[in-house]
Amino acid sequence: MSTAAPPASQFDIQEETGGSIGAAAREYWTRVKGGDMGSLPAIIGVVALVVIFGIMEGDTFLSKGNFANLINQGAAIMVLAMGLVFVLLLGEIDLSAGFAAGMGAAILATTLTERDWPWPLALLAALLTGVVIGFAIAVLVARLGIPSFVVTLAFFLGLQGAMLLIIGEGGTIPIRDDAILSVMNKNMPVALGWLFALIVIGGFAAATYMRIRSRRKEGLPTEAMSVWGLKVAALAVVVLIAVYLLNQERQRETAVITIQGIPWVVPLVTALVVGLSFVLARTAFGRHIYAVGGNAEAARRAGINVPNIKTACFVLCSTLAIVAGVLIASRDNSVSPTTGGAQTLLYAVGAAVIGGTSLFGGRGRVYDAVTGGLVVAVIANGLPLVTQQSGTQFIVNGVVLLVAASVDAISRRRAAATGR
Amino acid sequence: MTDGVTSQGSATPQGQPVLSLRGMNKSFGAVHVLRDVDLDTYAGKVTALVGDNGAGKSTLIKGVAGIHPFDHGEMFWEGEKVEVHGPRQANALGIEIVYQDLALCDNLDVVHNMFLGREVKGGVTLNETAMEKRAGDTLRGLSVRTLRSLRQQVSSLSGGQRQTVAIARAVLWNSKLVILDEPTAALGVAQTEQVLSLVRRLADNGLAVILITHNMNDVFQVADNIACLYLGQLAAQVDAKEVSHGQVVELITAGRSGDIGLQPEVAAANVGGEA
């Protein structure tokens, strides 16, 4: 570390001068080499997987219908992973999130189908269940001091049992409510889809531009306008291509009804990402979550109520798990005792970690859940096209999870070695 | 780097002390850790608090900070009698402590660490520009030139830079007394030099500074006066220019040196009581 000869550049003038795209790229590369890889592994992963599956099973994998399918498969995992990001940021884990999702689906299904509640009330009941589950976990972890691994393992078993009791062994409860079903099964009108794309791109451009302008006004170093333009352009290209593809007719030519447009779940997930990112990056609460994950003792001494922060994170995680459960129920049109079971949780943890959220706490973003969720969804979608053997599929999934955890551990070591 | 030291230290501290302790006592169960300790700190002066392990330095500081309030004794803040029962009260008076472990979050940047727990908000959102500006002003006021960017993560900083951030955080809040617990203990030569000159600048900016240290070089480089604790008693608070290196070591190890310090019988009486 440079101790002798302080660098000539003062902190307040640096960056202002070297604000070109080249400088920004070099800065980014230094960060990556220093172990701060962000979402780079996930993006490389998605591109590589799409290329591989595209070559092996191009006809089916790259079809327009499959693209929409992929989004529907990934949505629940992404939402579950978003909740897990909050818990992982603390350096904790929630193993029960998968069955919390199942529990949410079960509550929704029983109230809708067996008791004929209107859907908003059923949804509210499910979400409240999530709040209660999260709060119970948090009391045991944050106040009593039991490791979250043990507490949530117990909840993993307990919630599974509760689901069985609610649904009945081997039974399934169908969901017939249109509002709930349309989230996963209906699409936005084509024109509305384009409007949505413009709102997303425009919103991002405006929000980032405002930030640069307010920093300029205060004489603080900012990102160069060229870098800003490049980021907006990159987002615009990705969003417009995705919307274009989704707005194509997905039905076979012979079919009578048309299927085209963005699935309604996309704006829902987008709203969650924007809202939760705002909480994490722009509010004192979000800042305190990072502080607790980075150094809980320092946070405590700075006057932050650590147990309260932990409680809020566990409640958020379980509540988002319920939202994921509702999405699963909407996609499957029914709820069974295995909803939210099997690999659901592992996929979600994998998604968060592949996206760049650390299992060791203190590092991660809501956005990670989306990029990582995309990788997981591509694997879950493409692998069955390549091989029907579920044995192979399990092994590949296990390997991917290990690779993600290794990337996390290696980047941490690099970060320690380079002092980042 | 040490130019401020020689020009600054006038022989006798003048004016009203910022913090005055009179007859402070503290026991943990049967162990009498502090006995009738008196201490004065002045604006613009660095008071070195020295003493061997177990002499009561940390207990004294924790009493001032309100973490372990004193059992009895009187505390005067700018001439007014005050009672401090918790860290928040100490902060409200203008007392800030930089602990030895610094209490920084590695995963947050310099600005976030400086404002941790006391963020500036505009409505619901954090006012990042205001915080960054104020953090920059504070660091510039301390003539810190070793930081590359205020948006650097603390994990990427060297030991000396971290110490700088922790100290800057302490002075951010218009504090009047900054207590530094062994700020140079883990640092190399060049970084120690940086931190000591920063400590000197704090005092030159008009703050009262208490510097806890084991290092005699640090003491004589920056301190205006030296308070020496010996087995829970104040052996002496002396002007740094009137004592030699050897005398301070004697005060630390024996509680007296020549005619300064505790009377032999007092000192000896306490040795028996020391656990």
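Reader: Which elements of chain B do the buried residues of H9(B) pack against?
Author: In this predicted model, the buried residues of H9(B) pack against strand S3 (46-51), helix H8 (216-222), strand S11 (225-230), strand S12 (233-239), strand S13 (256-257) and strand S14 (260-261) of chain B.

Reader: And which residues of helix H9 are buried?
Author: Helix H9 of chain B covers residues 245-254, and B:Val248, B:Leu251 and B:Ile252 are buried in it. Seen down the axis of H9(B), these buried residues fall within an arc of 95°, so they line one face of the helix. An α-helix has 3.6 residues a turn, so residues three or four places apart point the same way.

Reader: What does the face turned away from the buried side of H9(B) carry?
Author: That face carries the exposed residues B:Gly246 and B:Thr253.

Reader: Which residue follows H9(B)?
Author: B:Gly255 follows H9(B), and its phi is positive, near 85°.

Reader: You listed S11(B) among the packing partners. How many of its residues are buried?
Author: 6 of the 6 residues of S11(B) are buried, so the strand is largely enclosed by the rest of the structure. B:Asn225, B:Ala227 and B:Leu229 point one way from S11(B), while B:Ile226, B:Cys228 and B:Tyr230 point the other way. In general, the side chains of a regular strand alternate between the two faces of the sheet.

Reader: In which sense does S11(B) pair with S3(B), parallel or antiparallel?
Author: S3(B) and S11(B) pair in the parallel sense, over 5 bridges. In that pairing, B:Val50 has B:Cys228 of S11(B) as its bridge partner.

Reader: And S11(B) with S12(B), parallel or antiparallel?
Author: That pairing is antiparallel and runs over 6 bridges. The bridge partner of B:Ile226 in S12(B) is B:Val238. S11(B) and S12(B) form a hairpin with 2 residues between the strands, where B:Leu231 takes a positive phi near 50°.

Reader: Stepping back, how many helices and strands does chain B have?
Author: Chain B has 10 helices and 14 strands. Its radius of gyration is 19 Å, close to the 19 Å that the globule rule gives for 275 residues, so chain B is as compact as a globular protein of that length. The C-alpha trace of chain B spans about 60 × 40 × 35 Å along its principal axes. Of the 275 residues of chain B, 49% count as buried.

Reader: Now chain A, please. How many helices and strands are there?
Author: Chain A has 16 helices and 2 strands. Its radius of gyration is 22 Å, which agrees with the value near 22 Å that a compact globule of 420 residues would have. Along the principal axes, the C-alpha atoms of chain A fill a box of roughly 75 × 60 × 40 Å. Of the 420 residues of chain A, 40% count as buried.

Reader: I am looking at H6(A). What length does it reach?
Author: Helix H6 of chain A, residues 148-167, reaches 27 Å from its first C-alpha to its last, close to the 28 Å expected at 1.5 Å a residue. Its buried residues are A:Ser148, A:Val151, A:Thr152, A:Phe155, A:Leu159, A:Met163 and A:Ile167. They cover an arc of only 110° around the axis, which puts them on the same side of H6(A).

Reader: What do the buried residues of H6(A) pack against?
Author: They pack against helix H4 (97-114), helix H5 (119-143), strand S1 (173-174) and strand S2 (334-335) of chain A. The face of H6(A) turned away from its buried side carries the exposed residues A:Val150, A:Gly161 and A:Leu165. Just after H6(A), A:Gly168 takes a positive phi of about 95°.

Reader: Finally, how many residues of chain A are in contact with chain B?
Author: 35 residues of chain A are in contact with 32 residues of chain B. Helix H8 (190-217), helix H11 (284-294) and helix H12 (296-301) of chain A each supply at least two residues of the side that touches chain B. H11(A) gives the most to that side, with 6 residues. By class, the side of chain A that touches chain B has 14 nonpolar, 11 polar and 10 charged residues.

Technical notes. Residues are numbered from 1 along each chain as its sequence is written. Chains are lettered from A and ligands numbered from 1 in the order in which they are written. This is a predicted model: local features need pLDDT of at least 70, side-chain atom pairs count only at pLDDT 80 or more; totals for chains, interfaces and linings use all residues. Two residues are in contact if their C-beta atoms, placed from the backbone, lie within 7 Å. Helices (H or I, at least four residues) and strands (E, at least two) are DSSP runs, numbered from the N terminus. Ala, Val, Leu, Ile, Met, Phe, Trp, Tyr, Cys and Pro count as nonpolar, Asp, Glu, Lys and Arg as charged, and the others, Gly among them, as polar. A residue is buried if 20 or more other C-beta atoms lie within 10 Å of its own, exposed if 12 or fewer, and partly exposed in between; C-beta atoms are placed from the backbone. The arc is that of the directions from the helix axis to the C-beta atoms. The radius of gyration is taken over C-alpha atoms; the globule rule is 2.2 Å times the number of residues to the power 0.38. Two strands pair if DSSP finds at least two bridges between them. The expected span of a helix is 1.5 Å times one less than its number of residues.
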